[in-house]
Amino acid sequence: MTKATQAATGRAAQATAAKAQHPYNGAELRRRRQALLKALGDQAVLLVPAAPEVIRNRDVHHPYRQSSDLTWLTGFPEPDAVAVLAPKRKDGAFVLFCRARDPEREVWDGFRYGVEGAVEHFGADQAFPIGELDERLPEILGDRRQVVYPLGLDDDFDRRVMGWLRAVRALARKGIGAPSELISSDRYLHERRLIKSKSELKLMRRAAAISAAAHQRLMQTAAPGCPEQRLEATFLAACAEQGARFQAYPPIVGSGANACVLHYVENADVLRDGDLVLVDAGCELHGYASDITRTFPANGRFSVPQRRLYELVLAAQQAAIAKVRPGNRWNQPHQAALKVLTRGLVELGLITGEGIADGVATDLKQLIKDERYKPFFMHKTGHWLGMDVHDVGQYKQDGQWRRFEPGMVLTVEPGLYIAPDAEAPAEYRGIGIRIEDDVLVTAGEPEVLSAGVPKDPDAIEALMAANTPGADT
C-alpha cells in the first residue's frame with residue numbers, strides 16, 4: 001500500500017468515525033432544507049452561522065457545541081462555518097462555507113471535513129473555504145430582496161451582514177440590486193424545530209432513558225455524609241458510560257435548604273441525615289436535551305412533613321401532565337398545578353388569612369389571582385424541550401396561549417420551596433421539592449419520556465432501601 005493510499009484510507013476512517021458522532025438522517029435534513037427553500041421564496045437568502053468557539057481560560061477552549069439551528073439544518077459539527085440557502089440559485093441552493101482541510105492543524109485539533117466533506121457527507125451543492133466568505137457571499141446576495149439570518153443574536157455577525165450588504169450596494173453600477181429587508185430566521189427555523197420528527201424523538205427518548213438511569217443510580221448512592229459533588233460526579237459518569245458525554249445544563253444537586261435555591265449549582269455541601277436532596281440534571285445526546293428533576297430523602301425515608309409536601313407536588317404534577325393533550329393551551333398544565341398547590345398550601349397552613357376559613361379556601365380562584373402561592377412556588381410549570389434545554393418556539397400566537405400539537409415536547413415541573421426564614425410552620429422550613437419530567441404531546445395520552453426513574457414516594461424509598469452504600473465523610 002502506497003503512502004498516498006494509506007493517507008486516503010486514514011482520512012476515510014477518520015471521516016467515518018467523525019460522522020458516527022453526529023448520526024443525523026441525511027434524507028430528513030434534505031427534506032428540511034427543501035421545505036425551507038420553498039418557504040423562503042426566490043427573493044430571500046437564509047444565512048445560518050456556526051456557533052463560535054469560546055475561550056475558557058487563556059488559550060484553552062470550552063468543549064465545542066454547535067449551533068442548534070445549524071445542526072438541525074445540516075448536521076455539520078464544526079466551527080467557522082456558514083450555511084447558505086439561496087432558492088433557485090443556478091449553481092445550487094445549498095452552499096456551505098467551512099474550514100479547509102489542513103493536515104498540520106488536524107495533528108493538533110483533529111479531523112476536519114473540509115469543503116470536499118461538506119459536499120460528500122452533508123449534501124451541500126457547493127462548498128467553499130470559510131476564508132472566501134466575504135468575497136463570494138455578496139454575489140449570492142445580489143438581486144435578492146431579503147436576508148434572513150439570526151438577527152440581533154451576535155453583534156459580530158450583525159456587523160458582517162452589514163458589510164456584505166455594503167459590498168452588494170457597491171455593485172449597483174453593474175445593475176445588481178441589493179437586499180432591502182432583514183428578517184429574523186427564527187420565524188422560519190424555530191417553529192419548525194418545535195414539532196419533533198420520529199428520528200428526533202428517538203434521540204430524545206434515549207437521552208431521557210440515560211438520564212433516568214443516572215437518577216436511579218444517585219438515589220442508590222446517596223446517604224448522610226455523601227458530598228453533593230459526589231452525586232454530581234456519579235451522574236456525569238453514568239451518562240458518559242452510556243454515550244452521553246455532555247450535559248444539557250449544569251447539574252443542580254441541592255440538599256437541605258440548598259434545594260430552595262432554584263439554580264443552585266455550587267454542589268459543595270454534604271448530605272445530612274433528615275435532609276431532602278433535589279437533583280435537577282439531564283444529559284444531552286447528539287444535540288438533544290433531557291431535563292429531569294427528582295427529590296428524595298438523604299437517609300432513604302421521607303419524614304411526615306416532607307412526605308406531605310412531596311405528595312402535594314406530585315399531585316400537582318400529575319394534574320398538569322393530564323392537561324398535556326392536543327388542543328389544550330400552553331397555560332393549562334400550569335393552571336392545573338396552581339389549583340392543586342394553592343389548595344394544598346391552604347390545607348397545610350402555609351397560606352393563611354383572607355379567603356380562608358377553617359383551613360379551607362373559600363375562593364380558590366381569587367387566591368390564585370392574588371398569587372398567594374408565589375412565596376413558595378415562583379416559577380412556571382414547564383418549558384419547551386428539544387435541541388436546547390429551553391427550546392425554541394413561541395408560547396403565544398396572536399396574543400393567545402398556543403395550543404398543543406402532537407410532536408411537541410415540554411417539561412412539567414411544579415415545585416415548592418419553603419425557605420428557612422419563610423413565614424411558615426417550622427416543620428416545613430428549609431424544605432425544597434421539585435418533580436420534573438419530559439412529556440411528549442401525542443394524539444392521545446401524553447407520553448412521559450422520563451418515566452424510567454421513580455417518583456412515587458414509596459417507590460423511591462424501596463429503590464433506596466435496595467442499596468445500602470457506605471458514605472465517606
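The model is predicted, so local features need pLDDT of at least 70 and side-chain atom pairs count only at pLDDT 80 or more, whereas totals for chains, interfaces and linings use all residues. Residues are numbered from 1 along each chain as its sequence is written, and side-chain values use heavy atoms, with hydrogens and water left out. Of its 473 residues, 51% count as buried. Buried means under 20% relative accessible area, exposed means over 50%, and partly exposed lies in between (1.4 Å probe, protein chains only).

**Overall dimensions and contacts**

- Taken along the principal axes, the C-alpha atoms fill a box of roughly 85 × 55 × 45 Å.
- Among contacts in the protein with a separation of 6 or more, 71% are accounted for by residues 24 or more positions apart; contact means heavy atoms within 4.5 Å.

- Strand 11 (residues 276–281) has 6 of its 6 residues buried, so it is largely enclosed by the rest of the structure.
- From strand 11, L276, L278 and D280 point one way, while V277, V279 and A281 point the other way.
- Strand 10 (residues 252–255) runs antiparallel to strand 11 and is joined to it by 4 bridges; two strands pair if DSSP finds at least two bridges between them.
- Within this pairing, G254 has L278 of strand 11 as its bridge partner.
- Strand 14 (residues 292–297) also pairs with strand 11 in the antiparallel sense, over 6 bridges, and T293 in strand 14 stands opposite D280.
- As background, strands of a sheet pair through backbone hydrogen bonds, either parallel or antiparallel.

- An open sheet is formed by 3 strands in the order 9-12-13, with antiparallel pairing.
- Strand 9 (246–247) and strand 13 (288–289) are the edge strands, each pairing on one side only.
- Strand 12 (residues 283–285) and strand 13 are joined by 2 bridges, and E284 stands opposite A289 in strand 13.
- Helix 9 (residues 198–221) lies across strand 12 and strand 13 and runs at about 145° to strand 12.
- H286 is found in the loop between strand 12 and strand 13, and counts as partly exposed at 24% relative accessibility.

**Strands 20 and 21**

- Strand 20 (residues 415–418) pairs with strand 21 in the antiparallel sense over 4 bridges, and Y417 has G432 of strand 21 as its bridge partner.
- In strand 21 (residues 431–434), I431 and I433 point one way and G432 and R434 the other way, and all are buried.

- The axes of helix 11 (residues 304–321) and helix 12 (residues 332–347) come within 7 Å and cross at roughly 155°; axes are lines fitted to C-alpha atoms, for helices over the stretch in contact, and angles run from 0 to 180 degrees between N-to-C directions.
- Helix 11 and helix 12 are therefore roughly antiparallel to each other, a term that applies to angles over 145 degrees, with under 35 counting as roughly parallel, 65 to 115 as roughly perpendicular and the rest as oblique.
- The contact is made by L312, V313, A315, A316, A319 and A320 of helix 11 and by P333, A336, A337, V340, L341, G344 and L345 of helix 12.
- These contact residues divide into 12 nonpolar, 1 polar and no charged; Ala, Val, Leu, Ile, Met, Phe, Trp, Tyr, Cys and Pro count as nonpolar, Asp, Glu, Lys and Arg as charged, and the others, Gly among them, as polar.
- T234 is found in helix 10 (residues 228–241) and is buried, with a relative accessible area of 15%.
- Leaving aside neighbours within four places in sequence, T234 is in contact with R217, L218 and T221.

- Most residues other than glycine have a negative phi.
- H286 has a positive phi of about 50° although it is not a glycine.
- D398 likewise has a positive phi, of about 55°, and is not a glycine.
- D398 is found in the loop between strand 17 and strand 18 and counts as exposed at 83% relative accessibility.
- G399 is found in the loop between strand 17 (396–397) and strand 18 (400–401), and counts as exposed at 56% relative accessibility.
- G399 and P224 are 175 residues apart in sequence and 50 Å apart in space, C-alpha to C-alpha.
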